[in-house]
Amino acid sequence: MTSTTTGKSELTAEFVNPIISSTISVFEMMLGCTPKRTGLSLKADHLPEHELSAVIGISGKAAGTLVLSLSKSVGIGILDRLVGISSDEINDEVCDAVCELANMIAGSAKAQLEHLEASISIPNIITGKGHTVHYPSNVVPICIAFDSEIGTFTIEAGFSDR
């Protein structure tokens, strides 16, 4: 994939294919469902698409942020499929399951980008409509939309070289 952006945002495009393939393989292996990519766009703002976000910092030869953004119902579906626990609300178990899934996606993508010597942070969960995620300066994040048996979600990413 080539990037239509210039400057530091070009590095973000390098991450897109590993993120897509990692997302699909982790969802298939861990949740028994196959997400389909439904869109790819540049983000005009720093507001995630949904009310539940797992945020992972990336450092090394590239610095950036990876966000798994999903709705309450998808978070609950992840908990149910990952560990077989039901819930009606976003609670500690839902947050832990979403964190674990985001960590697996980031770890898998990191393995495909060894030349960047990337390190990933422990995921942090942010909840609530309208929350903001900050990316490196001068970086326009990419939003990758997916649909799956448990609902729609996005992966958002923005990276720059050091």
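Predicted model: local features only at pLDDT ≥ 70, side-chain atom pairs only at ≥ 80, totals over all residues.
Student: Is histidine 50 buried or exposed?
Tutor: Histidine 50 has a relative accessible area of 17%, so it counts as buried.

Student: Where is histidine 50?
Tutor: Histidine 50 sits in the loop between strand S1 (36-42) and strand S2 (52-59). Helices (H or I, at least four residues) and strands (E, at least two) are DSSP runs, numbered from the N terminus.

Student: Which residues does histidine 50 touch?
Tutor: Leaving aside residues up to four places away in sequence, histidine 50 touches Ser69, Leu70, Ser71, His131, Thr152, Phe153 and Thr154. Contact means heavy atoms within 4.5 Å.

Student: Changing topic: in what order do the elements of the protein run?
Tutor: From the N terminus on, the order is α-β-β-β-α-α-β-β-β-β, which comes to three helices and seven strands.

Student: What share of the 162 residues is buried?
Tutor: Of the 162 residues, 48% count as buried.

Student: Which residues have the most contacts inside the largest nonpolar core?
Tutor: They are Ile19, Leu68 and Ile78, in a core of 39 residues. A nonpolar core is a set of buried Ala, Val, Leu, Ile, Met, Phe, Trp, Tyr and Cys residues joined through side-chain atoms within 4.5 Å. The largest share of this core, eight residues, comes from H3.

Student: What does isoleucine 78 touch?
Tutor: Not counting residues up to four places away in sequence, isoleucine 78 touches Leu31, Leu70, Ala97, Val98, Leu101 and Ile150.

Student: And arginine 81, where is its place?
Tutor: Arginine 81 belongs to helix H2. Its relative accessible area is 34%, so arginine 81 is partly exposed.

Student: Which residues does arginine 81 touch?
Tutor: With residues up to four places away in sequence not counted, arginine 81 touches Met30, Leu31, Gly32, Cys33, Glu149 and Ile150. Phenylalanine 27 is 54 residues from arginine 81 in sequence and 9.9 Å from it in space, C-alpha to C-alpha.

Note on methods
Residues numbered from 1 in each chain as written. Heavy atoms only, no water. Buried < 20%, exposed > 50% of the residue type's maximum accessible area, 1.4 Å probe, protein only.
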